[in-house]
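Take a first walk through this protein chain.

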Amino acid sequence: MKMKITPFCLVLIVFCLCAVLGTVLGQDSPFVFSHHLATKTPYWSPSTANTNLPNCKPVHIEHVNRHGSRWPSKGDTNALLQTLGKLRGLSDKITNPQYSWIKNYSIPYSLESESLLSPNGEIELYNLGRNYLSRYPEIFDIPFDPNLFTLQSTQSERAGRSGVSFAFGVWEGKGTVSNQSFDPFYIWSQTTSLDIVLRSQDNCPKWMNEIYSNDTTYEASSAYSTAVLPQIAQKINQILGVSSLTPSDASALYTACQFDVILFNTESLWCSLFNQSDILFLEYIDDLDVWYANAYYEQINLEVISPLFQDMVSNLDNVISLISKGSSVVPLAYLRFAHQASISPLTAMLGLFKGNYTLNANNYNPNRKWFSSRTSCMASNIAFVLYQCPNNNYYVKLQHNEQEIPIPGCGNSVFCEYNSFKNIYKQYLAVNYNNMCLLNNSSDINDSDKGKITLSTSDLVALIFGMFLCGGLLASVVTIVVLRKRKNLYQRMFVDNGRM
């Protein structure tokens, strides 16, 4: 059922924004600008406290990490280039001396670096590795051993190098290579079209059809943008003393502000165009995007991440089994490095930061629990820490961005008895990903797509590869036939005639 946004609703949105602003600005906790930049927020953790169970010890960690802060995408850069070109044409009309620098401003990043891991992103993951080493020396304070540690990433550069940076933080100085005591390690990746653990959304046709390609998914964030961005654009026009900047320009300048913070740790340039209320309302646009596309909006958003959760729990089961058998080799940690599309659905599947409401364009909620700036900031991470206790009892501790969080449905303790933990999430442990993702019902297909053959990404890749292989084989056969004919002709013309 599509949600319709009427003009009355848009007026109501603006009224709500004004109504809640006093509440937002009056909150006791100090506002930290860099903690409210939505999914482009640099990594931060509200708490890194470490609680241990008496007479118990951590024996294994299952961990998944979003990549660290990255360079802008090509789309981000092109949008800013377009707006910057407009501003340069208006530079003689900018009356505010605080922004005279715009006339000579040049973008400090290039299209060649699009979406790559940035130096700040490397530091974020390196520091995370150091934190894990400090908190769990029982797990990490030994040299790298592939029998004990597994590192996996997607085939994305920023994910893979995030894993490398994390590993540097953990195993720095523990090896024997060079005078730096480098400790070699390796990270493995699954082919993207086959990766249903870290790329489960991309390889699920049903999710792609019902969520990713469905306009309804984006109606809330679009409606909210329509209500908010024109006001922010008008305010920026007033600040600069111009009149032609559009909502699209305001969005591009906000993106430039985000990257100023995550790349250069500065709020003095583009960010100075936005006040606290602007940032909170712009943050909410991304919150709506993530909520509808990657979180609580539809049940499939939670089920699609089940292969990752099942893989993590399977590893925990295996560790318990090996310990019970007295095995001399028991894996200590499985570390994964992926994307926001892994962290946000897993966060929602676990029931974290939900609240008793649905985020929508008509009701900005300053007291909501779901903030993409927290749930899925750069380098955001989720971990299950398995504890072994006397009498072979096992408990799990959940960490989100290093903060210990009680598992919903398992009381107020940060420790949950292992079988209880599995029982809470048995619904997702039972999901059959392949069956769930099939478009095997006409009701699952848009009317315009009925009668068409629908191929998954992996099917399409296999088809193209097969066509390429067949073409190659055919070309080889033709080449062999031609060469044989030429050889026979050569034999008759030269050898048989005594010319050679």
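How many helices and strands make up the secondary structure of the protein chain? There are 17 helices and seven strands. Helices (H or I, at least four residues) and strands (E, at least two) are DSSP runs, numbered from the N terminus. The model is predicted: local features need pLDDT of at least 70, side-chain atom pairs count only at pLDDT 80 or more, and totals for chains, interfaces and linings use all residues. Residues are numbered from 1 along each chain as its sequence is written, and side-chain values use heavy atoms, with hydrogens and water left out.

Of the 500 residues in the protein chain, 49% are buried. Buried means under 20% relative accessible area, exposed over 50%, and partly exposed in between (1.4 Å probe, protein chains only). The chain exposes about 23,600 Å², and carbon and sulfur atoms supply 54% of that area. Accessible areas come from the Shrake-Rupley method with a 1.4 Å probe; for residues, only the protein chains shown count as cover.

Now look at strand β4, residues 381-389. Nine of its nine residues are buried. N381, A383, V385, Y387 and C389 point one way, while I382, F384, L386 and Q388 point the other way. In a regular strand the side chains alternate between the two faces of the sheet.

β4 has partners. Strand β1 (residues 57-66) pairs with β4 in the antiparallel sense over eight bridges; two strands pair if DSSP finds at least two bridges between them. Here N65 stands opposite N381. Strand β5 (residues 393-400) also pairs with β4 in the antiparallel sense, over eight bridges. There Y387 stands opposite Y395. Three residues lie between the strands in the hairpin of β4 and β5, where N391 takes a positive phi near 60 degrees.

The largest nonpolar core has 93 residues. Such a core is a set of buried Ala, Val, Leu, Ile, Met, Phe, Trp, Tyr and Cys residues joined through side-chain atoms within 4.5 Å. Among the residues with the most contacts inside this core are W270, F274 and F421. Helix α9 (residues 276-294) gives the most to this core, with 10 residues. Apart from it lies another core of 32 residues, including W44 and A379.

Finally, the surface. F168, V177 and F182 form a nonpolar patch there, with about 240 Å² of accessible area together. V177 sits in the loop between α5 (157-171) and α6 (205-212). V177 is partly exposed, with a relative accessible area of 38%.

Terms used. Patch = residues over 30% accessible without salt bridge, like charges linked within 9 Å, V, L, I, M, F, W, Y side chains within 5 Å. Salt bridge = Lys/Arg side-chain N within 4 Å of Asp/Glu carboxyl O.
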